[in-house]
Amino acid sequence: MMKNRTISIMDTTLRDGEQTSGVSFAAHEKLSIAKFLLQELSVDAIEIASARVSDGEMIAAKKIMDWARSKGFASKIEILGFVDQGKSIRWIEEAGGEVLNLLSKGSANHLKHQLRKSLAEHIEEINSSINEALSKGINVNLYLEDWSNGMKQDASHVYQLLEGVNVDKLGRVMLPDTLGILTPHETHTFIQDMVDRFPDIYFDFHAHNDYDLSVANVLSAMQAGAKGVHTTVNGLGERAGNAPLASVVALIHDHTDFSTKVEERKVALLSKMVESYSGIRISQNCPVVGENVFTQCSGVHADGDNKHGLYYNDLLPERFGRVRKYALGKTSGKANIVKNLEALGIEMEPAELKIVTDRIIDLADKKENVTIEDLPYIISDVLRTQQLEEKIKLSNYSLVHTQGLYPTATLSIEIDGQVHQATSAGDGQYDAFMNSLRMIYTKLNKPFPALIDYSVTIPPGGRTDALVETVITWNYGKIFKTRGLESDQTEAAIKATIKMLNIIELEVENY
C-alpha cells in the first residue's frame, strides 16, 4: 500500500507514563528506556520529565540530555514545563534541555478554577514564556490541557487562545483528551475543526484510555488530520493509562495509508524492559505484546494454520520478534500437540499421540496448566518410555531460615551418577539454593541459564496448605519456562529448577 503521510510518534512513557500509580523509574532506568526508544525503535521524540518535580527528576534529565547530545538526539528530548514566570524554563536550561512542552489551559473551566485568570492574562503569560524560552535557545511546543473538555463545553475559548498565542513561534500544538472522555466520532469532529481553522499549525493528539477508546481515538485523530500522536509503552499512565505504543504502531502500519519511522520488530523487547522497571505486569491478552496473543488454543485453529494459514491475520508474531505458539489444554486437540512435538523434535505413532492427547485433556479438566516444557514429562509418564531420562536428580537439600541471619541452603545433587554437594547463603531460601547450585555448576564448568522472570500463583481462598504454582522463565539462548507445583513456594521453585536443568542437559546431549 502506498503511504501518503508519515505520522510522528512522541512517546511519553518517562513523563506521563510515570504518573501510573506506584511507578517511579530510577535515573539509570530512564536512561535505558530513552536509549531504546530513540536508538532501537526510532520514535520521533520522547518526553522525559516534568520540570520542577524533584531533585531525582533533575538528575535523570541531566543524564539523558548528556547522552542525547553525544548521539545527536538532543532535539528529540522534550520536557513538560509550566506557565510559571520562567521557573520551568530555568529548570530545563539547567538540565540541558532544548525543547519545552509548555502546558497551557485548553478549557475555560481549568483556566477559571485552577489559575483564576482571564484568557487575556493567560495568553500574555504564554507569549512571555515562549519568548523567554526562545531567547535561551529552547524550542517550544504548546499543550492545551483539557482541550477535549474545552471543545465540548466552549470551543470559542480554544479558538481565542490559539488566535492570541504566537503560534508561528511554536513547533507543535498538542491536543490532549486529558480525561479520556472523547468518542472516536467526537475526536474526528474536533480535530477536523482545528485543522480547518488553523491549517498552518502542526497538531499532535494525546489520548487517554478511560473508556478503552484511546487507540480508536488515535485512529480518528490521524484520519482527521493530526500529524503526530502520543503513546506510552504498555499503555502506562494515570487512571486507565494512555494509548499503548505497540498497538498504535501496529494500527498505523496495518489499517491506514500512513507510515511511521518506528522499528516494530523490537517493541516487544521494550515492553518487557518497561514491565520489569515499572513492576506493572503486561496483561496476557494485551494486543501485540501480551503473553498469549500469538498462542492458538483451539485444535481447529492449529489445524487451519497448516491449511493455507486459514487462521492467520496480518499481526504475524515474527513482525514483532515473537513466535506463534500452540497451547496444550482440553480444546487443543492433536493438531496443537503435533505442533509442539515438532518444535521438540519428537515423533510419535497415532496410537501414542491419542494417549498423550487424552492425558493432556485430563490434566486441563483438573485446571492444571500444561506447557510445552511439560510435554516430554507427560509423554514419559503416560507411555512409560525413556524419552526423557533424568540426568540430574536432587538427592537431598536443607534450607535454614533464621531471624537476623542470611538464609542458607545445603544441597546434594546427582549428575550423571556422580554426587555433588554445596552450601551457600542468599537473600532468601531460594536464592541460597540457587547460589549452592551455581557453585556446583561453575566447578563442573556446566552451562547455567539466566533466570529472567519468576511468577507465583496461589489460588484464592486463604488456605495455608493451598498448592502454589511457580513458573520460572529462563534464558538459555532461547526463552523457555518451567513450572513447579507444591504446597510450599520454595519447593515449587526448586522443582521448576530441576526440571530446567534436565531440559538443558537434554539439549546439550542432542546438540
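Mentor: Helix axes are lines fitted to C-alpha atoms over the stretch in contact, and angles run from 0 to 180 degrees between N-to-C directions. Helices (H or I, at least four residues) and strands (E, at least two) are DSSP runs, numbered from the N terminus. This is a predicted model, in which local features need pLDDT of at least 70 and side-chain atom pairs count only at pLDDT 80 or more, while totals for chains, interfaces and linings use all residues. Residues are numbered from 1 along each chain as its sequence is written, and side-chain values use heavy atoms, with hydrogens and water left out.

Trainee: At what angle do the axes of H1 and H10 cross?

Mentor: Helix H1 (residues 27-40) and helix H10 (residues 267-278) cross at roughly 170 degrees, and their axes come within 11 Å. Angles under 35 degrees count as roughly parallel, over 145 as roughly antiparallel, 65 to 115 as roughly perpendicular and the rest as oblique. H1 is therefore roughly antiparallel to H10.

Trainee: Which residues of H1 and H10 make the contact?

Mentor: Contact means heavy atoms within 4.5 Å. H1 contributes Glu29, Ser32, Ile33, Phe36 and Leu37, and H10 contributes Leu269, Leu270, Met273, Val274 and Tyr277.

Trainee: How do I read an aromatic pair?

Mentor: A pair of aromatic rings is described by the distance of the centres and the angle of the planes. Rings of Phe, Tyr and Trp (its six-membered ring) pair if their centres lie within 6.5 Å; planes under 30 degrees apart count as stacked, over 60 as edge-to-face and the rest as tilted. The structure holds 7 such pairs. Trp67 and Phe73 form a tilted one, at 5.5 Å centre to centre with 35 degrees between the planes.

Trainee: Is Trp67 buried or exposed?

Mentor: Buried means under 20% relative accessible area, exposed over 50%, partly exposed in between (1.4 Å probe, protein chains only). Trp67 is buried because its relative accessibility is 9%, and Phe73 is buried at 17%. Trp147 and Phe190 form an edge-to-face pair, with 6.3 Å between centres and 85 degrees between planes. That pair links distant parts of the chain, 43 residues apart: Trp147 is in helix H6 (residues 147-164) and Phe190 in helix H7 (residues 184-197). Trp147 is buried at 0%, as is Phe190 at 14%.

Trainee: Which ring does Arg197 lie over?

Mentor: A charge sits over a ring if NZ of Lys or CZ of Arg is within 6 Å of the ring centre and within 35 degrees of the ring normal. Arg197 lies over the face of Tyr159, at 3.7 Å from the ring centre.
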